[in-house]
Amino acid sequence: MVIYYDFSGVFHWPHNHLTGIQRVECGIYKGFIQNNFDIKPIYFDSNSNAFYQISIDELPVAVKNFIFDKNDEPRLNSSEIPKNKDSRIKCFLKKFRVLRKLADWYYNNKNIRLAKLKLIPPKNEFRPKAGDIVFSASASFAIPFHTQKLNTFFFRNIFIIRVIYDLIPTLKPHWAIPDPKIFTQSSIEQIEFSSIILTISNFSKNEILKFSSSQNLRHSKIEVIRLADKLGNTFPSINSEIKV
C-alpha cells in the first residue's frame, strides 16, 4: 500500500502567498510529514488527462515555504524593493487613465500570470495499484476532468479520500462565483465515488448528508476535520478505516 497526495490545486499556483483552500491543501500534507507518514506527491494535468508523480522541489516557492515554515522573501522597505522591468512599465501606464485600466487588467489577469510561469512538463505518469491510497484536498470542481479521473481510480479499488469543503455554490448559487452546474456535478461524483469524504465542519457534514439524501446519492463515511487541528487528533478513525 502506498499513500499519494494530490497537489493539483497548487502545482501551478501563481501567487507568492496561499489563500483558503490552498492553505488547507498544503497544511494537511504538512501534518502528514510532521507525523512521519511516507506519502508521495502527485498532480493532475488537464491537458493530458493524467496524474503524474512529482517531487516537492517541483512545487511553487510559496507552497514549499508554507509546508516547511520558511520565508525566503523577507519584507523590505519600499526604498529597498528592486525595480524590475514590469514595475517600471506598470508605473508608466498608471499615469494615464485609459492605460491605467489596461494595466490593471493585464497585471490582474490570472491567465496571463499563469502564462508567465515556467510550467514543468509531465514526466512520470501516475499508475496506482489496487489498495493504494490517493488523498485529494484540491478544489476538484475548478480543475477540468480532475473529478472524473479520480473516479476511474475508485473503480479500480484505489482508496480515494477527498475533501468537500462545503456545498455553497449548489445550495446558495447567488453567493458564489463558480458555475453551480459544474460545481454540483463535481460534488455529486465526489460524494458517490470516494472511499472517505472529509469536510471542515459539522454544519457542512450535515449539509452533505441532507443533499445526498435529497438526491438519493450513495455515500461512504463522512468525517469532519477541524482547520488548524493536530493531525493525530483528527485522523484516528480514518486510520482505522484505511486499515480495514
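Select Glu192 and look at helix α8 (residues 180-192), where this residue sits. Helices here are DSSP runs of H or I with at least four residues, strands are E runs with at least two, and both are numbered from the N terminus. You are viewing a predicted model, in which local features need pLDDT of at least 70, side-chain atom pairs count only at pLDDT 80 or more, and totals for chains, interfaces and linings use all residues. Residues are numbered from 1 along each chain as its sequence is written, and side-chain values use heavy atoms, leaving out hydrogens and water.

Glu192 and Arg218 are 26 residues apart in sequence, yet 5.3 Å apart in space, C-alpha to C-alpha. Which residues does Glu192 contact, leaving aside neighbours within four places in sequence? They are Phe154, Leu217 and Arg218. Contact means heavy atoms within 4.5 Å.

Next, select Ser212 in helix α9 (residues 202-214). Is Ser212 buried or exposed? Ser212 counts as buried because its relative accessibility is 1%. The cut-offs are under 20% relative accessible area for buried, over 50% for exposed, and partly exposed in between, with a 1.4 Å probe and protein chains only. Beyond neighbours within four places in sequence, Ser212 touches Ile191, Leu217 and His219.

Turn to the sheet. Its 8 strands form an open sheet with mixed pairing, in the order β4-β3-β2-β1-β5-β6-β7-β8. Two strands pair if DSSP finds at least two bridges between them. At the edges stand β4 (124-125) and β8 (221-224), each with a single partner strand, so one side of each lacks a neighbour in the sheet.

Finish on β5 (residues 133-136) and β6 (residues 159-163). They run parallel, joined by 4 bridges. Ile133 has Phe159 as its bridge partner in β6.
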